[in-house]
Amino acid sequence: MRPEDSNYKVSLLGGMAKIVRTFLTRRITMHVDRIPYVFTRVPYSKLMNWALVESAVRLRPLRAWGMPTHLQLEPAGICNLKCALCPVTEGMNRSGGILPAGLFQELIREIGNHLFLIFLWDWGEPFMNPHLCEMIESAKEKRIKVVVSTNAHLLANPELAERLVRSGLDTLIVAIDGISQQTYEQYRGKGRLGEALAGLKAVVQAKRKSGRRHPLINFRFIAMRHNEHEIPKLSDVVRETGADMLTIKTLNTSSNDTYGDRAIQLSERDELFQPQDTRYRRFAVAPGNSVRVRRAWNSCKNLWNAPAVHWDGTVCPCTYDYDERFVLGKLTERPFAEIWNGPAYRKMRKDFKQQCIHFCRDCSYAFAGGNCWNETVKDAFFFNPDAIAV
């Protein structure tokens, strides 16, 4: 996107107006997966950092102007399932493990006063980390909203479910991609639908017992060729579980090939997993062919507002760098502030602007329909408005 483009100028003016309104009201609403996260009485110091970050997102300087407002953090780099198209299943070129509680606490001490949202998952099952609820509590003390995504198999333990509800978690995404065992296991390898539903229902029960509105329980269904026939029945099934909402998300068939160098061809994965209903396909295609529609500019903001941190403290540009080919620093060696504007981050931002690496040039955000913030969830149904995160 060039500064002389009219769309760029409109975006910049709109951003400035948003910043002014936010300082006047001290209120910000951020939408993720169609869910509004509302922040009120935000401290002016946090607002100032947010304004600097939002400005940098639009102007894309090589040095970040503020500290991150969002964080993707990996509690565990291991998983109890073997899901198709997951790098963990195929074997990542890095070791797996559990995020140490001390490393988490140190990072929150350093940047927690700037953060609005933490996404406590990446490549692995978060509840394999025994300290997860403590981490959520620490983040909540900083008035950070926290989202966790899980396959729910480990949540059937009533004590863990109750502990999770008491932690103050804002949103729990429960990934269940089938309403029959036969359908469910085609993608969630080694998964048992009954155990996943039991975990979900345990949290529902614990939440009702506590009288709390949170966490908002989001039943997540990824639409694929083998399960799309179940979509018409989904709303009724999800209501019966007690979940607060249902989101139907599109599948990124190249999620296990974000570097573009695996032998298997994208067309073969499409044939296996892409739903026949084009509405539930992630990317728009040009009329008359199957070529994805490329955006004029990649809308990704991660290099200026949302780092990804793996379980051992390795800092990467985003969740798609599962093999750590673009390591930007290690928290075990340097404070985050030094990494955030260090030479590796500055080079990555420069490469991103120049579109000189496949990893960014051809990622999901680079194509119409691929923005993971506001496009990849095609349908959202709210069954319990009181549970919407506020």
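1. Glutamate 162 and lysine 209 form a salt bridge, with the closest N and O atoms 3.4 Å apart. The pair joins distant parts of the chain: glutamate 162 sits in helix α6, lysine 209 in helix α8, 47 residues apart. A salt bridge here is a side-chain nitrogen of Lys or Arg within 4 Å of a carboxyl oxygen of Asp or Glu. Helices (H or I, at least four residues) and strands (E, at least two) are DSSP runs, numbered from the N terminus.

2. A word on the source. This is a predicted model: local features need pLDDT of at least 70, side-chain atom pairs count only at pLDDT 80 or more, and totals for chains, interfaces and linings use all residues. Residues are numbered from 1 along each chain as its sequence is written, and side-chain values use heavy atoms, with hydrogens and water left out.

3. Back to the first pair. Lysine 209 is exposed, at 65% relative accessibility. Glutamate 162 is partly exposed, at 29%. The classes are buried (under 20% relative accessible area), exposed (over 50%) and partly exposed (in between), with a 1.4 Å probe and protein chains only.

4. Helix α6 (residues 158-166) also carries arginine 163, whose partner glutamate 137 lies in helix α5 (residues 132-141), 26 residues apart. Arginine 163 is partly exposed, with a relative accessible area of 24%. Glutamate 137 is partly exposed too, with 27%.

5. Glutamate 375 and arginine 295 meet through their side chains in a salt bridge of 2.3 Å, N to O. Glutamate 375 is in the loop between α14 (358-361) and β14 (377-382), and arginine 295 in the loop between α10 (266-273) and α11 (302-305), so the bridge ties together parts 80 residues apart in sequence. Glutamate 375 is partly exposed, at 24% relative accessibility. Arginine 295 is partly exposed, with a relative accessible area of 24%.

6. The structure holds 15 salt bridges. Glu74, Arg94 and Glu324 are linked in a network of them.

7. The largest nonpolar core has 90 residues. Helix α8 (residues 193-210) gives the most to this core, with 7 residues. Such a core is a set of buried Ala, Val, Leu, Ile, Met, Phe, Trp, Tyr and Cys residues joined through side-chain atoms within 4.5 Å. A second, separate core of 20 residues includes Ile28, Ile35, Met245 and Ala387.

8. Leu120 is among the residues with the most contacts inside the largest core, alongside Val148, Leu164 and Leu172. Leaving aside residues up to four places away in sequence, leucine 120 touches residues including Leu73, Phe104, Ile136 and Val148. Contact means heavy atoms within 4.5 Å.
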